[in-house]
Every structure is written in structure tokens, then in C-alpha cells.
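User: I've got a structure open and I'd like to talk through a few of its contacts. Can you walk me through them?

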Amino acid sequence: MAIITELTAREILDSRGYPTVLATCILDDGSTASASVPSGRSTGAAEALELRDGDPKRYSGQGCQKAAANVSGVIADHVCRKPFDTQAAFDQAMIELDGTHNKSNLGGNAILAASVAFARACATQRQVPLYQHFSDMLGKPLQTMPRLTINLFSGGKHAGKQVAIQDVLLVPASATSIDESLVMTHDVYHAAADLMYKRYGMRLLTADEGGLAPPFESIDAMIDTAVEAIKNAGQTPGHDMALALDVASSHFYENNHYQLDGKAIDSHAMIDKLSQWAERWPIVSIEDGLYEDDWDHWPHLCERLQSKLLVLGDDLLCTNPQRIQRAITETSCSALLLKVNQIGTLTEAAQAYRLAKDAGWQVTISVRSGETEDDWAADLAVGWAGDQFKNGSITQSERLAKYNRMLWIESQTNLPMVPWPLG
Ligand code: PGA
Ligand code: ZN
């Protein structure tokens, strides 16, 4: 049982220089922990609301002083000096206090910062590592390390839309550990950087998640170059190193059409295009292949591709149990991209995780494009036995904080790496 004596929060800056929330929780035995929350740029419409101050004189209206004040004020008043037996009881108290479907009253950023700070303080009280605490929260033993999906090239909203699709990711398919995954990725990343230098005269200039973002002339050029970089690194595309795409197609869907490489195509043509990509390149996962409310066509996409690759829903699902339930009923996809701040509490994210797993789906645990140096997402990905972990590129300290934490967890646990589910 945990009793909070003090809960406070303040505004800090994220990896893009925008404000976010850091909360600190102190329990009655003195256990103290802080946690900060990330922020997306290519966000889904159904996400929990990030409360922003709206004062144009501070951080272009993006300040988080109100959200931080909600934690230190109304949330603290509601939860301090009461016993909470579980994370679910603590989160439920905040959900009820907020009283809205999307946390627009107190702010998803305020609520999640408190939710994770509380979890970490409880792990400290129990004297267990955070990954162990997350595993106990779900009632599942620690099983495996997740397979990494690592950003190589960026486009879309993360890189000024020079190419429509958002990420080409590397999947170290033959790696048997996090350590080996990172070694293999290093070689491909630098082979790609050499190619970028030769072709575009570019140094290692990177996008929001640390991916390389040269002015590719087309999507084909972007994916071809990824394959070339894998070969140049001495690896076999598909066998050693596979590819994943985050198409993020909600962000180029206009006038009922997908606006790709200068052409407007309908949903059927988009599905054909994704199938052709899957034939042509060693792609093992496609995220947000269709627009977030293209519910009519997601089942066709899933039927066409789910035997070959993961049909992964991000904006489609928004880690929202209701949307996930609908997608299960309609067979819209075969995998959940789980981002805790899309829903706003650990408890609801756990519910999303369980729904997806019970339906036989894979779960990719993901961070956001705007991150902080906090590393709790690495603990979550191991503790909840995520099948994949999507954390951006192998540059930038907000990404490395999580990869380095994962290396440490691997060294402590010696957990085996989860196999790829298909073929
Ligand atoms: P976001 O992008 O964090 O900017 O929303 C990540 C993604 O779309 O997966
Ligand atoms: Zn996405």
C-alpha cells in the first residue's frame, strides 16, 4: 500500500525545445521519484489532450505551467494522504477527478506525469527495478527483450515533409540481443550517412527522432537507399536486417485521397501500393498504412498483408481501448503501436495492451517524437514484454537514454530476445 505525502510538478523542456511536465512523487516512507512525459508531433485525432497554456508570450502558447499546477494543486489535493493499493486505484482517482473522455480538464500530460512518478515511487518503495514493477503491475513474469525497430530515414511531419511517408526503420532481424541489434544498426546508419554525404553533400543532419532526412526525390529512392545501406554494411537485406515503415498516412490524406509523390490516389490504390512495396522490399511491418478514420478499408489492407507483415495501427488506435476493440471486431489490423501518452495513464495503457494481446496481436511499445532524457519507456517495453520497441534513431540523448537503459536491463536480466512472429 502506498500513501503519497507530496506530489508536485514543474515545466521542463523536451528534445525539440518545447515545454513538457516533470512530476515528483514522495511516499510516506520517504520513497521519492520523478518522471517526465513526451509529446507527439504527428498526433492522432483521438489522443488524450495535452494541456497547453495558450499564452503567446511564452513558448508560442505551448507552455505547460497550467498542467504542472494541476498536478501540484488539484490532483495533489485529491490523492495525498490516501492509501492506494494499486496503480489502477491511483489512476482511477485521477480519471474521476478529470471527468472527461480525453483528459481535457486536467490535461493528459499532467495526469500521465503523476501516473508514472507514482509507479516509480512505488518501485522504489518495493526496492525493485522499474521494469520489474511494470511486469508485476501486469501480472506477467519477465519474458523477453523486445525487438528494436530503429529510425533510419525520416520524412513527413518529422522532417518538413520532403517525402510524404514518415519513417523508414531498421529491424535487426537476425540479432539475438539488444547489444547485437545496436552494433548492426550502427553499421547501417553510418553506411547510410556515407551515401548521404556522397549523394546530397549532407553531414549527419537529423530529423525529430534522429533519423537522416536528405531531400530524397521519391519514396522509392528513400527505401532503395535503405536497402543499399544495409548491403554496404555487409548485411543481407531481409535476413540480417529488415525494414519497417511508418507511413503515417493520416498526414497526407486530403479530399478523400492519399497525396503521394505528386499523385492523389484512393484507398484501394493505396492498398495496392503498400502491397507492391511489400513485394519489392524486405518490409516486415507497416504502420498507419491508411488514414486514421479510413475504417472501411483497413480490413482490406489487413487481409492483404497480415500474413506477410505486421499491419500496425498508431493514429488508427491511439492506444484507446474503445478504438482497439473496434479494430479487433472489424479485423482492421494485427498489431498495436502502444504510446502511453496517447491515452494518459499507465492503467488504461495496460488495458489497451491486454486487449491487443488477447486478440493475438503483436504490441510495439513506442516513444514519441518529442522526448525527454527520462528512460521509463525502456523499462515499460521490457516489463510489459513488448514484442517490439520503437524509440527513434541511435543518435540524440533522449533516444540513447532509453537504448542505454535497455542495454543495462539486458546485462542484469539476460532475457532472450523475442523472435520475429512471421516467417
Ligand atoms: P509522433 O510520431 O510522436 O510525432 O506522433 C511518432 C509516430 O507517428 O509513430
Ligand atoms: Zn506512427
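This is a predicted model: local features need pLDDT of at least 70, side-chain atom pairs count only at pLDDT 80 or more; totals for chains, interfaces and linings use all residues.

User: Which protein residues are the donors of the zinc ion (ligand 2)?

Analyst: Along the chain, the donors follow the spacing D-x40-E-x26-D. D246 sits in strand β7 and D314 in the loop between β12 and α9, 68 residues apart. The donors lie 2.1 to 2.3 Å from the zinc ion, and they are D246 (OD), E287 (OE) and D314 (OD).

User: Which residues are linked with D246 in a network of salt bridges?

Analyst: Side chains of opposite charge can pair when their charged atoms come close. Here the network links D246 with D167, E287 and K390.

User: Is R120, the salt-bridge partner of D374, buried or exposed?

Analyst: The closest N and O atoms of D374 and R120 are 2.7 Å apart. D374 is in the loop between β14 and α12, while R120 is in helix α3, 254 residues away. D374 has a relative accessible area of 12%, so D374 is buried. R120 comes in at 16%, under the 20% cut-off, so R120 counts as buried.

User: How is α2 oriented to α11?

Analyst: Helix α2 and helix α11 pack with their axes 8 Å apart, at an angle of about 115°. Angles of 65 to 115 degrees count as roughly perpendicular. That makes α2, relative to α11, roughly perpendicular.

Methods
Residues are numbered from 1 along each chain as its sequence is written. Chains are lettered from A and ligands numbered from 1 in the order in which they are written. Side-chain values use heavy atoms; hydrogens and water are left out. Axes are lines fitted to C-alpha atoms, for helices over the stretch in contact, and angles run from 0 to 180 degrees between N-to-C directions. Helices (H or I, at least four residues) and strands (E, at least two) are DSSP runs, numbered from the N terminus. Angles under 35 degrees count as roughly parallel, over 145 as roughly antiparallel, 65 to 115 as roughly perpendicular and the rest as oblique. Donors are N, O and S atoms within 2.8 Å of the metal (3.2 Å for Na, K and Ca); water is not among the atoms, so sites may look incomplete. A salt bridge is a side-chain nitrogen of Lys or Arg within 4 Å of a carboxyl oxygen of Asp or Glu. Buried means under 20% relative accessible area, exposed over 50%, partly exposed in between (1.4 Å probe, protein chains only).
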